[in-house]
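Colleague: I would like to go through this structure with you, one question at a time. Please show it first.

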Amino acid sequence: MLRLFTRKRLNNKIFAYLFAAAFLAAAMLMGISIGTVSVPAGDIIKIIWAEIFRLTPDLDPMHTNIVLNIRLPRVILAGLVGASLAIAGAAFQGLLRNPLADPYTLGVSSGASVGAVLTLFFGISLPFAGLFTLPLFSILFSFITIFIVLWFARKIDRSMKVETIILTGIIFSSFLGSLISLMIALTGEELRQIIGWLLGSVSMRGWDYIKIILPFFAIGSFLLLLNSRELNAMSFGEERAQHIGVNVHKRKMIILIAGSILTGAAVAVSGTIGFVGLVIPHLTRLLWGPDHVHLLPLSIFTGAGFLILADLLARTIISPTELPIGVITALVGAPVFGVILMNRRSERRG
Amino acid sequence: MLKIEQLTGGYSQTDIIKDVSFSVSRGEMFGILGPNGSGKSTLLKMVSGILAPYSGSISIKGKPIKSYSAKELARIIAVLPQHSSEAFSYSVKETVSLGRYAHQEGWFHTWSGKDEEIVWQVMEQTGVAMFADSLLHELSGGERQRVSLAQALAQEPEILLLDEPTNHLDLSYQKDLLDNLKGWTRNTGLTVISIFHDLNLAGLYCDRLLLLDRGRIKSMDSPNEVLREEQIAQVYQTSIQKQPHPKVPAPQMVLLPETEGNQTEEKLIDESLLQVSDEYIMLRSPQHLRTMSSGVVGSGIGWHRNFINRHVGKDYDCSDHRSEMADYIKKLGFEPGETVGMMTAVFLEDASFTFLKEEGFSILVVVTAGVGNAVDASRSKVHSSELVPGTINIWMFVNGELTEEAFIQGIMTATEAKAKALHELMVRDPLTGTIATGTSTDSILIAATQHGSKMDYGGTVTPLGKLIGRGVYDCTLEAVGKSRKRVKR
């Protein structure tokens, strides 16, 4: 049943982009429209139109305020975080030839959290970086973490089996998680703020956070998109990629750095949101094939749309209380993770 | 094309390849052999640039390998891996297209019309074009191997490196692949360097072979020189025998299994195994015998266990005697493939046999003879070449091991003894009136158990030759004598 579907996917690239873009647009409209006060879709478009062209239309000022200052930045931030995590996950999966790899399972998100919590804990502020101190530290720590995880996995098992990498990631996640707990225990104050941030949320962040993540998202995605052919080659194995003519060492480094930039920046603005980087690339690949030239940009759209919807669900499902968004992504993601793992096992047996 | 000098290298500071030097020229098909762990794959990894050597140099087209970028190298060298695995299900065309990576320029690698053309061309060449839109995991092992080959060819390489390319392939695919490779080396000047597990395939297709033994070059030469029994046996630590290929001038190596001979109890071939009736003389051997014969069925060189000398009337229709004889053997309940069958018009009770023993070996000789169509070989041009059932059929069974040389010499000795017996009996060629040397349709069989003492030669003055000479001479005299008596009566 799936085969006919997957065979068709090859010729439907334009349709794929249209579909993904439409999905993102619909998710954004829903994200802005739905809430304690609902704003009709038509009004949203008018408000944004007016804002862009500096018009003063005849609209409810409260709606304008909700859309422009609360929901629009929240939706955009959720979109950027989702896009960052999804494209980073797609890249990690291709690089490690491992459909179970993502920033969360590899422990990179935890690494970034440690960096962020350390920054908050010691009140570090780099004079030249200002607002960017937090993401820079997150990025640095995600980068260090991915290297230690991969180094450690290679030490255990030269062939770097899927399970080894995941297990190593889990070990590091737990270890880094307890480091964070330790720091939280030591702070006492600001406790709830850090925990709330850790569980992951895009609420009440405002336009400032978008300014933080946007440049990192742009740089990271750009670097990955430049390496999409190399990712195709490397999903046949590093040796094979080298034979085909890929400078594996250099390209791998660029991809790992780009992945860390994306993860670190996403964690810095929204905390650890798990499984987006796992589920989205997987579903996108299932729909439109594994070719990274298309998989990476399509994952940006689907990842963004997915996280906007997850956030919408998180804040409306038991309204007025807000769930942490990480709860929703984990509820969706963990079962998918299980299914992938099970398919891999039965494939190997069969 | 490729020059390697004093190459030493391996993993984690242990030398796997030690001081290896060789060069391969354009259009050559070069095979690398060696037992497991001898460093074949390590050597190939260094040549393909994956593994940096500890010392020594590799130069390609006159420039050191290190001076090439990964892309430049991929435009010269392509590698066909032993097996390919992909994490995700790419389509065949996507996979083959990756081979164009090294030829694409610019940040986003624009796909040109030439790329498209070459991808289709190599997919046609390797016979995977019809799968272009299929997913890799839907294909069989052999098809996937061809996709990998197409990917490597899409690189438009000048040198193709292969690691046991025929592994996991069906016999026909093995042949197709190697035929193609050989063709490309001749037609397009492609240089092929390949690791082989199968010595025989290597010997058949390669221009030169390199035999590695624990990381060092044991031998490097033409297949015939490298594939020498004692050398291969020593390097691979196993017993092996070399034989010529029946159709092409290439050596073939065969394994000698340990179990045979130890398990089957050795049984002497002697007259007690002979069954003589009006219709046939038969010998059923408890084990297969190595034979060289000119029978109607099972002739040539082979292994057989049933031996039948069948009486047929003088009016036997010989138009399709081979299949008729095979049917006859089947009717008796034997496999024609395990049987050497001969025919004679002679009455079988006139057969003569003798068992002769010598230190360490023995032979059984069985002869049926009639001289109705006797011929003097030196004047045989006066005879027409029609075939009638054979009249002097000689069987020799040797309890001992014979070299091929001894087989041939045994046949010579037997023939000489037969001719001498006819001379002694003054058997004349009816057409020329001169002394005959045999009859027009004689057959001969020499069979050996290939156990016991080994005989290198079978010439007239060797121990084997002496028994053959005596046995065949005596039996022929007796058999011809009996048949003459019958004619007189």
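Modeller: Keep in mind that this is a predicted model.

Colleague: Which residue of strand 9 of chain B is the bridge partner of B:Ile32?

Modeller: In strand 9 of chain B, the bridge partner of B:Ile32 is B:Leu210.

Colleague: What is the strand order of the open sheet of 6 strands in chain B?

Modeller: The pairing in this open sheet of chain B is mixed. Its 6 strands follow the order 6-7-8-3-9-10.

Colleague: In which sense do strand 1 and strand 4 of chain B pair?

Modeller: Strand 1 of chain B covers residues 2–11 and strand 4 of chain B covers residues 55–60. B:Glu5 has B:Ser57 of strand 4 of chain B as its bridge partner. Over 5 bridges, the sense of the pairing of strand 1 and strand 4 of chain B is antiparallel.

Colleague: Which residue in the turn between strand 4 and strand 5 of chain B has a positive phi?

Modeller: Strand 4 of chain B and strand 5 (residues 63–64) of chain B run antiparallel and are joined by 2 bridges. B:Ser59 has B:Pro64 as its bridge partner in strand 5 of chain B. The two strands of chain B form a hairpin with 2 residues between them. The residue in the turn with a positive phi, about 50 degrees, is B:Lys61.

Colleague: How many residues lie between strand 11 and strand 12 of chain B in their hairpin?

Modeller: Strand 11 (residues 240–244) and strand 12 (residues 251–255) of chain B pair in the antiparallel sense over 5 bridges. One bridge partner of this pair is B:Gln252 in strand 12 of chain B, which faces B:Gln243. Between strand 11 and strand 12 of chain B, the hairpin has 6 residues.

Colleague: Why is helix 4 of chain B oblique to helix 5 of chain B?

Modeller: Helix 4 (residues 113–125) and helix 5 (residues 141–154) of chain B pack with their axes 9 Å apart. An angle over 145 degrees would count as roughly antiparallel. Helix 4 of chain B is oblique to helix 5 of chain B because of their packing angle, about 140 degrees.

Colleague: How many nonpolar residues are in the contact of helix 4 with helix 5 of chain B?

Modeller: Helix 4 of chain B contributes residues including B:Ile118 and B:Val122, and helix 5 of chain B contributes B:Ala150, B:Leu153 and B:Ala154. The contact has 1 polar residue and no charged ones. Its nonpolar residues number 7.

Colleague: Is the crossing of helix 9 and helix 12 of chain A left-handed or right-handed?

Modeller: Helix 9 (residues 206–226) and helix 12 (residues 248–270) of chain A pack at about 160 degrees, with axes 9 Å apart. The two helices of chain A are therefore roughly antiparallel to each other. Helix 9 of chain A passes helix 12 of chain A in a crossing that is left-handed.

Colleague: Which helix of chain A gives the largest share of the side that touches chain B?

Modeller: In the contact between the chains, 24 residues of chain A meet 27 residues of chain B. Helix 1 (2–8), helix 10 (228–234) and helix 11 (238–244) of chain A each supply at least two residues of that side of chain A. The largest share, 5 residues, comes from helix 11 of chain A.

Colleague: How far apart are the C-alpha centres of domain 1 and domain 2 of chain B?

Modeller: The domain assignment of chain B gives domain 1 as 2–255 and domain 2 as 271–488. The distance between the C-alpha centres of these domains of chain B is 51 Å.

Notes:
Residues are numbered from 1 along each chain as its sequence is written. Chains are lettered from A and ligands numbered from 1 in the order in which they are written. This is a predicted model: local features need pLDDT of at least 70, side-chain atom pairs count only at pLDDT 80 or more; totals for chains, interfaces and linings use all residues. Domain bounds come from an automatic or database domain assignment. Two residues are in contact if their C-beta atoms, placed from the backbone, lie within 7 Å. Helices (H or I, at least four residues) and strands (E, at least two) are DSSP runs, numbered from the N terminus. Two strands pair if DSSP finds at least two bridges between them. Axes are lines fitted to C-alpha atoms, for helices over the stretch in contact, and angles run from 0 to 180 degrees between N-to-C directions. Angles under 35 degrees count as roughly parallel, over 145 as roughly antiparallel, 65 to 115 as roughly perpendicular and the rest as oblique. Ala, Val, Leu, Ile, Met, Phe, Trp, Tyr, Cys and Pro count as nonpolar, Asp, Glu, Lys and Arg as charged, and the others, Gly among them, as polar. A crossing is left-handed if the near helix is turned anticlockwise from the far one by less than a right angle, and right-handed if clockwise.
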